[in-house]
Amino acid sequence: MIRIGILLGSTRPSRKSPQVARWVLDTATRRGDAEFDLIDLRDHPLPHLDEATPPLFGPSAHAHTRAWAERIAPFDGFVMVTPEYNGGVPGVLKNAIDHLCAEWADKAVGFVSYGVSGGARAVAQLRMVCGALGMADVSRPVEISLLADFENHTTFTPRDHHVDALGKTLDQLLAWSAALAPLRAGTDTTLVTP
């Protein structure tokens, strides 16, 4: 069965990502067509990238990076739940991504973002970063407004259209995760022409 990690992209004390990620998990789990698991960056405190060798040339010298790699490697795809901080990706999320390379490659990724303008600029940046790592990003993000989707700016109350959008994101994510399976398995996928 396809395994999807739901990555909480913020570690701030006042973060909204646990509520949003829990909604993603609860909605996704009801589908029954994949396994979903929360990955909280608070559980993996990574220092600012401290590896002497870039992850492309691995292996890691530090136990914290090896533990992070072991957490990420088993998944076939990811939903990145990200806020938009100052028009971009939270530094902690970018740092976590940058600690690895092979563990992200040939996997699908979908985005659920939130911010005053729905987090669209954070997603735009993540698309470039994930593409550089060989990830296939799905075209349908879920963009949540801090102004319209949080009661009293604290309690997440998703509107109905977000449920529909998440369903489409997950449909694409699972289809792409399955389609990329031969690449993750090292299967030769080149076309043979007569």
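Strand β3, which spans residues 77-83, is mostly covered, with seven of its seven residues buried; buried here means under 20% relative accessible area, against over 50% for exposed and in between for partly exposed, using a 1.4 Å probe and protein chains only. Strands and helices are DSSP runs numbered from the N terminus, of at least two residues (E) for a strand and at least four (H or I) for a helix. The model is a predicted one, so to speak of local features takes pLDDT of at least 70 and of side-chain atom pairs pLDDT 80 or more, while totals for chains, interfaces and linings use all residues. Residues are numbered from 1 along each chain as its sequence is written, and side-chain values use heavy atoms, with hydrogens and water left out.

Gly 77, Val 79, Val 81 and Pro 83 point one way from β3, Phe 78, Met 80 and Thr 82 point the other way, and all are buried. Pairing takes at least two DSSP bridges between two strands. Five bridges link β3 in the parallel sense to β1, residues 3-8, and there Val 79 sits opposite Ile 6. With β4 (residues 108-115), β3 also runs parallel, joined by seven bridges; Met 80 has Phe 111 of β4 as its bridge partner. From β3 the chain passes through helix α3 (residues 91-98) to β4 in a right-handed β-α-β crossover, meaning that the path over the helix runs clockwise from first strand to second when the strands point away from the viewer.

As for disulfides, counted as pairs of cysteine sulfur atoms within 2.5 Å, the total is zero. The sulfur of Cys 101 lies 12 Å from its closest cysteine sulfur, that of Cys 130, which is too far for a bond. Cys 101 counts as buried at 16% relative accessibility, and Cys 130 does at 0%.
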